[in-house]
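This report covers the domains, pockets, cavities and local backbone features of one protein model. The sequence and structure come first.

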Amino acid sequence: MTHVTYHKPVLLNEAIRYLITDPDGIYVDGTLGGGGHSAHILAHLSEKGRLFGIDQDDDALRVASERFAGEDRIAMVRGNFGYMNALLPRDVAGRLSGILLDLGVSSHQIDEPERGFSFQKDGPLDMRMGALQELTAAAIVNEYEYEELRNLFFEFGEERESGRIARAIIRDRPLQTTGQLRDSVASAVPERFLNKSLARIFQALRIAVNSELNMLKRALEQGTEMLGEDGRFVVITYHSLEDRLCKNYFRYGNFEGIPKKDFYGNTITPLQTVTRKVVTASDNEVAVNPRARSAKLRAAVKISQGWNGKSGEKGGVA
Ligand SMILES: C[S@@+](CC[C@H](N)C(=O)[O-])C[C@H]1O[C@@H](n2cnc3c(N)ncnc32)[C@H](O)[C@@H]1O
């Protein structure tokens, strides 16, 4: 396994354009993966620039360590980006020039049947991104009560047939493999909707197993604190639940999307959105990398106190 086959980075040039404003700065790639974005970040940094690459997956850290062997501007860190303030050295807090999060799973994680992320391959119902986690998809599928399962599929998968699917799963327990889960879902939804339902059910389980939305919220809050003034936050999301959290947080400084105004009517928020419209992949990129189809990039800048509250388009230097 090499970085070439590990993962093809999405929205690479766009991410760099919005992320890098200071080639001498300190950056964080919170989702190192195969190092696709990190390599490009390093190519845009000077000899003084520094990069921290975080991932919770040992496979990713192994591949990236080989890729960046001999490169002393990058430090690789094992852990969850939701704890980035504890993972990064204290002296970088409040001084970061930019943070990138390219969310979700890598192609490598999807392609390895034994990780259990894909409904197209048979493997154990695992879905843990990091080896340190305990909760597995099998535990959820086999132990949750009907209402918990139904709500999980509805909230994290936005699946309309959540109730029927939850009932089928409970009937077919115990389920140990992705193939068994697939059969159970297939018995509950019409054939023509099956692939969409499977995608939603697998997404819901993955989000729950990895506490993905919670970790994203933590990372947005901690990352914002760790940015220096004018530091950039760039996030690439792959489904609407993640995108909504980013959009709201970048615009309003909270996840509910509720504007908080000061005495003069200005929105009180630590960030200003710099992508006026969400950035998506070109047709050319989607043609060579289907995973790019659902990618949405948003970027924001940390603002100084006394900012006047207006939002607008602002590019980086790259
Ligand atoms: C879409 S891939 C990133 C690919 C990378 N940008 C590249 O170009 O190769 C997402 C990576 O982030 C990691 N990841 C996802 N959520 C994480 C979290 N909460 N903390 C740490 N790593 C996470 C996954 O293990 C995976 O390797």
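## Basis

The model is predicted: local features need pLDDT of at least 70, side-chain atom pairs count only at pLDDT 80 or more, and totals for chains, interfaces and linings use all residues. Residues are numbered from 1 along each chain as its sequence is written, and side-chain values use heavy atoms, with hydrogens and water left out.

Helices (H or I, at least four residues) and strands (E, at least two) are DSSP runs, numbered from the N terminus.

## Domains

The chain is divided into domain 1 (3-107 + 212-302) and domain 2 (134-209), with bounds that come from an automatic or database domain assignment. Taken over C-alpha atoms, the centres of domain 1 and domain 2 are separated by 30 Å. At the level of contacts (heavy atoms within 4.5 Å), nine residues of domain 1 meet six residues of domain 2.

## Pockets

Pockets and cavities are found on a 1 Å grid over the protein atoms alone: a cavity is a set of points where a 1.4 Å probe fits but cannot get out, a pocket is an open set with protein on both sides within 12 Å along at least five of seven lines, and lining residues have an atom within 4 Å of a point. Grid points are joined across faces, edges and corners, and a volume is the space filled by probe spheres set on the points. For residue classes, Ala, Val, Leu, Ile, Met, Phe, Trp, Tyr, Cys and Pro count as nonpolar, Asp, Glu, Lys and Arg as charged, and the others, Gly among them, as polar.

The largest pocket has a volume of about 1,100 Å³. It is lined by 27 residues, of which Ile110, Ala199, Arg206, Arg291 and Ser294 are the closest to its centre. Two or more lining residues come from each of α6 (107-111), α11 and α13 (240-252), and α11 gives the most, with six residues. By class, the lining of the largest pocket holds nine nonpolar, nine polar and nine charged residues. Domain 1 and domain 2 each provide at least three residues of this lining.

The second largest pocket has a volume of about 300 Å³. Of its 18 lining residues, Glu155, Phe156, Ile207, Leu213 and Asn214 are the closest to the centre. The elements giving two or more residues to this lining are α8 (146-157), α11, α12 (212-226) and α13. The lining of the second largest pocket has 10 nonpolar, four polar and four charged residues. This pocket lies between domain 1 and domain 2, because both give residues to its lining.

## Cavities

How many cavities of 30 Å³ or more are there? The count comes to two. The largest cavity has a volume of about 400 Å³. It has 31 lining residues, and the closest to its centre are Thr31, Asp55, Asp102, Leu103 and Gly104. At least two lining residues come from each of α3, β2 (50-55) and α12, with the largest share, three residues, from α12. The lining of the largest cavity divides into 10 nonpolar, 15 polar and six charged residues.

The second largest cavity holds about 30 Å³ of space and is lined by Lys247, Phe250, Arg251, Thr273, Thr275 and Arg298. Helix α13 gives the most to this lining, with three residues. One nonpolar, two polar and three charged residues make up the lining of the second largest cavity.

Residues count as buried under 20% relative accessible area, exposed over 50%, and partly exposed in between (1.4 Å probe, protein chains only). In helix α2 (residues 12-19), Ala15, Ile16, Tyr18 and Leu19 are buried. Their cover includes β1 (26-29), α3 (36-44), β4 (96-102), β5 (227-237) and β7 (296-302).

Gln203 belongs to helix α11 (residues 194-209). A polar atom of the Gln203 side chain lies 2.9 Å from the backbone oxygen of Phe156. Leaving aside residues up to four places away in sequence, Gln203 touches Phe156, Gly157, His239 and Leu241.

## Backbone geometry

The peptide bond from Arg173 to Pro174 is cis, with omega near 0°. Pro174 sits in the loop between α9 (162-172) and α10 (178-186).

Glu158, a residue other than glycine, has a positive phi, near 50°. Glu158 lies in the loop between α8 and α9 and is partly exposed, at 38% relative accessibility. Asp230, also a residue other than glycine, has a positive phi near 70°. Asp230 is in strand β5 and is partly exposed, with a relative accessible area of 47%.

Conventions
Polar contact = N/O pair within 3.5 Å; in protein donor to acceptor, adjacent residues only side chain to side chain.
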